[in-house]
Each structure stands twice: as C-alpha cells, then as structure tokens.
Amino acid sequence: MLMVSDAQEVTLLELLDLSTAFGCVDHAILLHRLQIGSASLTDVVLEWIFSFLSERTQQVAYNGRLSSVHVLFGVPQGSVLGQLLYVLYTAELFHVVARHQLRLHMYADDSQVYVSVRQYACQ
C-alpha cells in the first residue's frame, strides 16, 4: 500500500469477514475441487480426506438432554488440515476477483479485495 501511495494512487478496499465460514464448507464441492484441481492427490489421499470429513457429529446439551446431529458441512477449525481444506475450498475466489481486475488478500476467513487507481488532481 505504501508503494501505491508513493505512486500517487489511491486504494479502494473492501473487507470481508465471513462469519462461520469454516462451518459452511460443502464437503461434496470440496472433494470435487480436490479431484479436478490436483493430479498429485491419489485416490488413497482423497479417501482419507473424505473419511476425515464424513461421519462427523456434534452434540448440544440443553436442559439435561443431549442432541446428536450429523455434520454435513464444514471443516474442523481447530485442526491444521481444516484450515488448509478451507483455503483450498475458497481458492476459486482468487480467479473470480482477478477476472474483475481486482486484487485479493486472504488470511483464513478474513479477505480483503482491493484495487489501486491513479488519483487525478482537480483543477
């Protein structure tokens, strides 16, 4: 940003904070992207990732009772693999932003979309 300022350009910045983003990852879409996006992932690795994501449950205790819910979406936030899978899931966003001649910076679920333009002095 400092280099842009030195070049007398202004930067327009949009901050995106995607709340519960890790919980919105669609397992089927993620696995499909992993299958077509990388020739280096073997079937064994894809099966392991599928196993990591599937058959997950979570429980909520309320009024002395426990619920048991099958988790169909999301990646575990507390694991290194969960964060990596989220980044791979959202990688397409870089292509979408670039098609519109914008720039993107991401850190986990916080994203910054920006563009720098030459500023003109009004006379």
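Strands β6 and β7 (residues 110-118) pair in the antiparallel sense over five bridges. Two strands count as paired if DSSP finds at least two bridges between them. Helices (H or I, at least four residues) and strands (E, at least two) are DSSP runs, numbered from the N terminus. Within this pair, H105 stands opposite Q112 in β7. The model is predicted: local features need pLDDT of at least 70, side-chain atom pairs count only at pLDDT 80 or more, and totals for chains, interfaces and linings use all residues. Residues are numbered from 1 along each chain as its sequence is written, and side-chain values use heavy atoms, with hydrogens and water left out.

The pair belongs to an open sheet of three strands, in the order β1-β7-β6, with antiparallel pairing. β1 (9-17) and β6 (103-107) stand at the edges. Each has a single partner strand, so one side of each is left without a neighbour in the sheet. Neighbouring strands are turned by 20° against each other on average, direction ignored. Helix α5 (residues 92-99) lies across β6 and β7 and runs at about 155° to β6. Axes here are lines fitted to C-alpha atoms, for helices over the stretch in contact, and angles run from 0 to 180 degrees between N-to-C directions. Contact means heavy atoms within 4.5 Å.

D109 sits in the loop between β6 and β7. This residue is buried, with a relative accessible area of 18%. Buried means under 20% relative accessible area, exposed over 50%, and partly exposed in between (1.4 Å probe, protein chains only). Leaving aside neighbours within four places in sequence, D109 is in contact with L16, D17, L18, A21, F22 and Y86. Its C-alpha atom is separated by 8.6 Å from that of T20, 89 residues away along the chain.

The largest nonpolar core has 13 residues. Such a core is a set of buried Ala, Val, Leu, Ile, Met, Phe, Trp, Tyr and Cys residues joined through side-chain atoms within 4.5 Å. L30, L34, V75 and L85 touch the most other members. Two or more residues come from each of α2 (27-37), α3 (43-53) and α4 (80-89). Beyond four places in sequence, L30 touches V25, L53, V75, L85 and Y89.

In α3, L46, I49 and L53 are buried. Seen down the axis, the buried residues of α3 fall within an arc of 60° (taken from the directions from the helix axis to the C-beta atoms), so they line one face of the helix. On the other side of α3, D43, V44, E47 and W48 are exposed. E55 follows α3, with a positive phi near 60°.
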